[in-house]
Amino acid sequence: MDQKYIINIGRQLGSGGREIGEMLASQLGISFYDKELIQIASQESGLGKEFFEKFDEKNSHSVIGTLFGLHGTFSDGMYTNNYLNNETLFKIQSDVIRKLAKEKSCVFVGRCADYVLKDNPRCLNIFISADIDDRIKRIAEKENIPENKTKDLIEKTDKKRSEYYNYYSNKIWGAAESYHLCINSSFLGIHDTIDLILQLVKKKFNRSFLFSA
C-alpha cells in the first residue's frame, strides 16, 4: 500500500504560508518545495533558471524569451516562433511536481500543485490567509521595506497568484471549495496553525509523526 502523502499549500503574501510549509515538512520529516522547484525544473529541462523565474506563478498569454542556451530535448509544438510559452513552462514544472510526488512524501507551496496532483488521492490541500495588518508587518520586516509600500506589493502579488491559479486550475484561488482546509493564520498564530494542520495530517493519513514515507 502506498504510504506517501502530499501537502499542497496555497497562500496569501505575508500570511506565513511558506514558513508554515517549511515547519510542517520539518516536523513530519518530509521534503519541502517552494522556489526549489525552479532549480529542479531548470535541471530537468535543460533550460536556464531565468525562464522559470520570469514565469513563476504568473498567468499565461505571453512568451518568455528566446531559447538561448537550450540544451534539452522536447517534442514539437512546445515553442512559438522560437520563443518559450508559459504553457510549456507550466507543463515542465507540473511534470517535476508529479515526479517528486511519486517518489516521496512532501510539501508543495504554490505552483498549482493541488491541481497538478488532483488525481492523487493522498493529498491534503490547504489555503493560508491572514489579517492584512499582520501581512503588512510580516512583509515589511522580512523585505525591509516601509509599511506604507508593503500593501501595494501584497495586492500586486496576490493578484498575480490569483490569475495564475485561476487560469491553470479553472478553480478560484482562495475559495473554500478549492481546498480541503482554509485557515487564517492570524486567528491561532503560526505555531498553533501548524499544530492544527498536523492533527489533520495525522487523521487523514494516519501518521504518527515519528516516521516519514
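## A walk through the model, starting from the inside

The largest cavity is lined by 17 residues, and Ile-9, Gly-10, Gly-110, Cys-112 and Tyr-165 are the ones nearest its centre. This is a predicted model, in which local features need pLDDT of at least 70, side-chain atom pairs count only at pLDDT 80 or more, and totals for chains, interfaces and linings use all residues. Residues are numbered from 1 along each chain as its sequence is written, and side-chain values use heavy atoms, with hydrogens and water left out.

Back to that cavity. Rolling a probe the size of a water molecule over the atoms shows where empty space is left. On a 1 Å grid over the protein atoms alone, a cavity is a set of points where a 1.4 Å probe fits but cannot get out, while a pocket is an open set with protein on both sides within 12 Å along at least five of seven lines; lining residues have an atom within 4 Å of a point. Grid points are joined across faces, edges and corners, and a volume is the space filled by probe spheres set on the points. The count comes to 1 cavity of 30 Å³ or more, and the volume of the largest cavity is about 110 Å³. Strand E1 (6-11), helix H5 (113-116) and H7 each supply at least two lining residues, with E1 giving the most, 4 residues. Helices (H or I, at least four residues) and strands (E, at least two) are DSSP runs, numbered from the N terminus. Sorted by class, the cavity lining has 9 nonpolar, 3 polar and 5 charged residues. Here Ala, Val, Leu, Ile, Met, Phe, Trp, Tyr, Cys and Pro count as nonpolar, Asp, Glu, Lys and Arg as charged, and the others, Gly among them, as polar.

Now for the open space. The largest pocket has a volume of about 580 Å³. Its lining runs to 23 residues, with Arg-11, Leu-13, Lys-35, Lys-142 and Arg-161 nearest the centre. Helix H1 (17-28), H6 and H7 are the elements that give two or more residues to this lining. By class, the pocket lining has 3 nonpolar, 6 polar and 14 charged residues.

On to the charged pairs. A salt bridge is a side-chain nitrogen of Lys or Arg within 4 Å of a carboxyl oxygen of Asp or Glu, and the count by this rule is 12. Take Lys-99 and Glu-44, whose closest N and O atoms are 3.3 Å apart. Lys-99 sits in helix H4 (residues 86-103) and Glu-44 in helix H2 (residues 36-45), so this pair ties together parts that are 55 residues apart in sequence. Lys-99 is partly exposed at 40% relative accessibility, and Glu-44 is partly exposed at 49%. For the cut-offs, buried means under 20% relative accessible area, exposed over 50%, and partly exposed in between (1.4 Å probe, protein chains only).

What about Arg-135 and Asp-158? Their salt bridge has its closest N and O atoms 2.3 Å apart. Because Arg-135 lies in helix H6 (residues 132-143) and Asp-158 in helix H7 (residues 147-169), the pair ties together parts that are 23 residues apart in sequence. Arg-135 is buried at 6% relative accessibility, and Asp-158 is buried too, at 10%.

Two serines are worth a stop. Ser-169 belongs to helix H7 and is buried, with a relative accessible area of 5%. A polar atom of its side chain lies 2.5 Å from the backbone oxygen of Tyr-165, and one lies 3.0 Å from the backbone nitrogen of Lys-171. Ser-42, in helix H2, is buried with a relative accessible area of 11%. Leaving aside residues up to four places away in sequence, Ser-42 touches Leu-47, Gly-48, Lys-49 and Phe-52; contact means heavy atoms within 4.5 Å.

Next, a loop residue. His-180 lies between H7 and strand E8 (181-184). With residues up to four places away not counted, His-180 touches Cys-123, Leu-124 and Asn-125. His-180 and Cys-123 are 57 residues apart in sequence and 9.3 Å apart in space, C-alpha to C-alpha.

Finally, the whole chain. There are 9 helices and 8 strands, and buried residues make up 48% of the 213 residues. Among contacts between residues at least 6 apart in sequence, 67% join residues at least 24 apart.

Key
Polar contact = N/O pair within 3.5 Å; in protein donor to acceptor, adjacent residues only side chain to side chain.
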